[in-house]
Amino acid sequence: MSFSQSFAPGPVRHQPQPYHLDPPPHHPRRRRREEDEPYHPYPHAHPQPHPYTNAATIPYPHPRDPLAPSRHLQELASGPPPPKRSRRAPEPRYDPPAVAAAALPAAPTRHPEDGDARALLLSRDEIERRSPSRKDGIDPASEARLRASYCAYLRCLGFRLGLPQTTIATAAVYCHRFFFRRSHACHDRFLVATAALFLASKTEESTCLLNTVLRASCEVSQNQEFNLLPYMLRGQNWFELYRESVIQAEQMILTTLDFELEVAHPYASLSSALSKLGLSHSALYNVAWNLINEGLRSSLWLQFKPHHIAAGAAFLAGKFLRYDITFHQNFWHEFKTAPPIVQDVVQQLKELL
């Protein structure tokens, strides 16, 4: 056979190999034979003596029943109970001397519609007298026009962004509080209003992206009434400069207001009171709502509580519709106000129309 033929392909034949070695006795493959010892499944079933003792059992502890009581508990159960330890007498408590009730000031009651209790309410004369714009030569009439201008800007910007009315109103109140502590001559009112609207969108949970607010403000500023051109004529990076200015204005608003951002609006009081009077689906409700929106241009939010403003708007709306809303006996009770306060609110609302 040649070398090439030895490796030629062909059928493989397996030769059976003889089983020369016999498996050990305990191998599993080995069958039991007659000469083998008897099979014990447990080779150590019989006790074997311990290598170090003569005992017949292994000196290891047996497993104990886990539910059986311990030896200590058995001894306690068999004998008398141990004597109780004597308890230490409690130390005498020191009570401070009682103070007369008249000496302590009564805590003011806070209603949900009152807003932040720390926001002090001032009169109209006091607001005009304490305004820092007076030191810069801005009279009350000019300040009222400036106030109305940034309120109109906020309304246009909020409508373009699709924000709810409560967010726009919150931004206007932020601006009123800011310019009550800062002068109009030192700060751009439209820049402050843009930052206030961005801040109000976060506090009222109707968040808008800052770049979206800035682009909308640039579109609104095309109107001649709202001049933002100083921020748009500073070169190619004017948008970045405008963005940084708005961020700085937002930080200034937070520090000026001392981070008191809670604002309560008269919309909820108006809806609740008119629904109890059965006028929630009437024309009076719509007119009163619009009057509240017009009242944002004034300092009413710094003078009166929300339900007072709602009562004045509802009363004036009834006058426009030739409907005496005081005909309802529960009118004063539902709005929680008095006639002098309503007359003052109505007078200031008439000045805006």
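The structure is a predicted model, in which local features need pLDDT of at least 70 and side-chain atom pairs count only at pLDDT 80 or more, while totals for chains, interfaces and linings use all residues. Residues are numbered from 1 along each chain as its sequence is written, and side-chain values use heavy atoms, with hydrogens and water left out.

Seven aromatic pairs are present in the structure. Rings of Phe, Tyr and Trp (its six-membered ring) pair if their centres lie within 6.5 Å; planes under 30 degrees apart count as stacked, over 60 as edge-to-face and the rest as tilted. Trp 289 forms a tilted pair with Tyr 267, with 4.4 Å from centre to centre and 40 degrees between the planes. Because Tyr 267 belongs to helix α9 (residues 266–276) and Trp 289 to helix α10 (residues 283–295), this pair ties together parts that are 22 residues apart in sequence. Helices (H or I, at least four residues) and strands (E, at least two) are DSSP runs, numbered from the N terminus. Tyr 267 is buried, at 4% relative accessibility. The rings of Phe 331 and Phe 335 also form a tilted pair, since their centres are 5.0 Å apart and their planes lie at 55 degrees. Both residues are in helix α12 (residues 331–335), four residues apart, about one turn of the helix, and both Phe 331 and Phe 335 are buried. One aromatic cluster consists of Tyr 150, Phe 178 and Phe 179.

Side chains of opposite charge can pair when their charged atoms come close. The count comes to ten salt bridges, each being a side-chain nitrogen of Lys or Arg within 4 Å of a carboxyl oxygen of Asp or Glu. In one of them, the closest N and O atoms of Arg 160 and Glu 219 are 3.0 Å apart. This pair links distant parts of the chain, with Arg 160 in helix α4 and Glu 219 in helix α7 (residues 210–220), 59 residues apart. Another salt bridge joins Lys 276 and Glu 334 (3.7 Å, N to O). Lys 276 lies in helix α9 and Glu 334 in helix α12, so the pair ties together parts that are 58 residues apart in sequence. Lys 276 is exposed, at 57%, whereas Glu 334 is partly exposed, at 21%. Arg 124, Glu 128 and Glu 351 are linked in a network of salt bridges.

No disulfides, defined as pairs of cysteine sulfur atoms within 2.5 Å, are found in the whole structure. The closest cysteine sulfur to that of Cys 175 is in Cys 151, 7.2 Å away, which is too far for a bond. Cys 175 is buried, at 0% relative accessibility.

One cavity of 30 Å³ or more was found. On a 1 Å grid over the protein atoms alone, a cavity is a set of points where a 1.4 Å probe fits but cannot get out, and lining residues have an atom within 4 Å of a point. The largest cavity holds about 70 Å³ of space, a volume being the space filled by probe spheres set on the grid points, which are joined across faces, edges and corners. Its lining includes Tyr 150, Phe 179 and Arg 147, and α4 (140–161) and α5 (165–181) each supply at least two residues of this lining.

Note on methods: Buried means under 20% relative accessible area, exposed over 50%, partly exposed in between (1.4 Å probe, protein chains only). On a 1 Å grid over the protein atoms alone, a cavity is a set of points where a 1.4 Å probe fits but cannot get out, and a pocket is an open set with protein on both sides within 12 Å along at least five of seven lines; lining residues have an atom within 4 Å of a point.
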